[in-house]
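Q: Could you walk me through what surrounds the ligand here?

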Amino acid sequence: MRLQKYMAHAGAASRRKSEEYIAEGRVRVNDEIVTELGYKVDEYKDRVYLDDKRLKISIDNVYVVLNKPMGIVSTASDEKDRTNVVDLIDINRRIYPVGRLDIDTTGIILLTDDGDVTNKLMHPSKEVPKTYIATVEGTPKKNELDMLRRGVKVGREKFAPAEVKILKSFDDDSIISVTIHEGKNHQVKLMFEKINHPVKKLRRISIGEIELGGLEIGNYRYLTKEEISYLKKLK
Ligand code: URA
């Protein structure tokens, strides 16, 4: 963004007046006085001052959902330097994934720079439902699925009741829709391991009202206004 536009957006003065201030040497970008009128500032990174008073513009937060491919880690920085979900988003803002998906899990993951929304979604007492489609070994019996519906204990961990439904059953495996209300590490895999039907494939299709829809694997999209207001309204 041009410096005079930035200044006008920040409410310092009109663009014309801002140009005068720039020419007069009253405007500083970071540590340097700038007198060039067309000077471009990065509104996300640069600090702009008029007579040493910081000028700030309000920048909306960004919210992106990605259909995470297999083999991509979901942490923003990885000690082994593997490709992570942030690397797949072409954006000049610092955004962070909300929660995690295992490296071999595909599907919807939210990335944002909105700390409030992140905290709300990550808070253990929040019950934002997350729905997964799991391919598991064999076909679980009703009593096994009922264990997951009541909430199972795995080691010291007690998982809250989940909604589970068999969508398709084949000779060797079955496809199951699973909705959980918490996001503990490897939760879905551990739940199915516990009932002796290990997960072979896992895909997350929704986070609350935000759905993967037709988003292709490796692609991302910005959230709609409605989706953003849904996130902001979460208690
Ligand atoms: N549960 C899992 O086991 N893995 C994931 O990636 C997400 C939920």
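**Around the ligand**

A: The ligand is surrounded by L101, D102, T105, Y132, H186, Q187, V188, K189 and L202, where near means a heavy atom within 4 Å. This is a predicted model, in which local features need pLDDT of at least 70 and side-chain atom pairs pLDDT 80 or more, while totals for chains, interfaces and linings use all residues. Residues are numbered from 1 along each chain as its sequence is written, and side-chain values use heavy atoms, leaving out hydrogens and water.

Q: How far is the polar backbone atom of D102 from an oxygen atom of the ligand?

A: That distance is 2.7 Å for D102, and a backbone N or O atom of K189 lies 3.0 Å from an oxygen atom of the ligand; a polar contact is a pair of N or O atoms within 3.5 Å.

Q: And why does the ligand lie between domain 2 and domain 3?

A: Domain 2 (63-125 + 209-232) and domain 3 (129-207) both give residues to the shell, so the ligand lies between them; the domain bounds come from an automatic or database assignment.

Definitions and conventions
Polar contact = N/O pair within 3.5 Å; in protein donor to acceptor, adjacent residues only side chain to side chain.
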